[in-house]
Amino acid sequence: MANGKHRVVVVGGSFGGVNAAYQLRRKLGDRVEVTLISADADFLFIPSLPWVMMGWRKPDAIKVPLAGPLRRKGVSFIHDRATAIDPQAQTVTTAGGKVFPYDHVVLATGSDLDWSNVPGSDPAEGTVHTCFTVKQAVAARDAIARFLASDGGRAIIGANPGASCTGPAYEIIMMLETALRRQKRRHLFDLHLVTPEPFLGHFGVNGIGNMSRMMEDEFHSRHLKWTTSAALTAVEPGKATLADGTELPFDLAVLIPAFYGAQVARDVEGLGNPRGFIPTDKHLRSTKYSNIYAVGVSVAIAPPVPTPVPVGVPKTGHMCEEMATRAAANIAVEVTGSGELVDGLTLPATCVADAGDVGFYIKADPFLPPRNVAVLRRGVRYHYVKLAFERFYLEKVKRDLPAMHFGW
Ligand SMILES: Cc1cc2nc3c(=O)[nH]c(=O)nc-3n(C[C@H](O)[C@H](O)[C@H](O)COP(=O)(O)OP(=O)(O)OC[C@H]3O[C@@H](n4cnc5c(N)ncnc54)[C@H](O)[C@@H]3O)c2cc1C
């Protein structure tokens, strides 16, 4: 406590962090002093990065500078990288040398990308493209533009073993197919999805409703090839190799890697599991340090069933937002001493995946099976829902609008 106020430091300026900071101010008002530390100056609507890759969106159109909106809502914004968390001293230190004491920390630090299990696949080596930052998306955009303008070629789009965020690979391959079909040059290109998932539409959650059949129909009708339970073992310029020795030549490769927890969380003794994700109780409190909450991708969630090739559990934007809201509610209960702690791990997930011409609306509650709700819809309207949702969400971040989940 400082000046009678409870100090919460939120680390991370994306879906988890921004929502946690706003919700804490909403729930606790002047009783709380909220500081948000983010390595990024802007909030980035990551779900639109595939559109950036296709050249359909300018990067500046999917960003919101964080400083102004957070300040207006009474949140101190520190644009810096947190380099150390000391659970004993209860401080967070930044690269700039500032030290922030806390009563509670909310870690919304997402993940780092782990390319190490597939030698040659790290985009830094120049062979493969990926889709997590604007810089990566812009590099991919230029490669995709060259690919689409060529006389014909082969693309592999997919994920390395252990990846948990396979959805964007489906979006990207269907967008490529849409673009080529619109150019009437689809017949010149070979598009191949290569995924560790045991079946199409598994998505790390053992499928949702009849998603598997829906995706198979979609891939058949778009003449897309796919290899499931694919264990990529190496990539070199123009060629990827699978564990069974299959060689896949390519002119364009876009891959999604496995994740591990963010460095700052991995560095705290006992906080993370072996891959650096943070085990929590059902209220989202670290099982080791009860005043450290984790939300979003940084939380450890075990796969619902084992798969022949490892696949991680995705944490969608909607889930991250829900976790942030519930973590803030639980901190408010702890601060005020009134109310009940809520479950932050039994979550619904709503998502809209875009294919360029149509979209897919997916609702799963809870996100892991067995479920009470599993809804799948396909249609042109969902392409537009996703477009509208992007606009809504950027406004939501600017003005702390109430949550609406129509377009996740
Ligand atoms: C291409 C793509 C498309 C996607 N499409 C969808 C979709 O359609 N629907 C959907 O629901 N989800 C989608 N997702 C998933 C969604 O983007 C994630 O669920 C979401 O971004 C996770 O939010 P987060 O807050 O947990 O972490 P992240 O978004 O990973 O953000 C982590 C934040 O922490 C900051 N940070 C990390 N370490 C530090 C540090 N040491 N100090 C300070 N700051 C730090 C980072 O700068 C960043 O601001 C997509 C993901 C990708 C990659």
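This is a predicted model: local features need pLDDT of at least 70, side-chain atom pairs count only at pLDDT 80 or more; totals for chains, interfaces and linings use all residues.
The elements that give two or more residues to the side of domain 1 touching domain 2 are helix H2, strand S10 and strand S18. Here is where to find them:

| Element | Residues |
|---|---|
| helix H2 | 49–53 |
| strand S10 | 111–114 |
| strand S18 | 258–261 |

Helix H2 supplies the largest share of that side, 5 residues. Sorted by class, the side of domain 1 that touches domain 2 holds 20 nonpolar, 3 polar and 3 charged residues.

Charge pairing comes next. The rule finds 1 salt bridge across the interface of domain 1 and domain 2.

Now for the domains themselves. The domain assignment gives domain 1 as 6–113 + 259–345 and domain 2 as 114–257. Their centres, taken over C-alpha atoms, are 29 Å apart. In contact with each other are 26 residues of domain 1 and 38 residues of domain 2.

Together the two domains bury about 2,600 Å² between them, and carbon and sulfur atoms give 74% of that area. On the domain 1 side, Met 53, Leu 113 and Phe 259 lose the most area to domain 2, and together they account for 28% of what that side buries.

Notes. Residues are numbered from 1 along each chain as its sequence is written. Side-chain values use heavy atoms; hydrogens and water are left out. Domain bounds come from an automatic or database domain assignment. Contact means heavy atoms within 4.5 Å. Buried area is the accessible area (1.4 Å probe) that two parts lose on being put together, summed over both. A salt bridge is a side-chain nitrogen of Lys or Arg within 4 Å of a carboxyl oxygen of Asp or Glu. Helices (H or I, at least four residues) and strands (E, at least two) are DSSP runs, numbered from the N terminus. Ala, Val, Leu, Ile, Met, Phe, Trp, Tyr, Cys and Pro count as nonpolar, Asp, Glu, Lys and Arg as charged, and the others, Gly among them, as polar.
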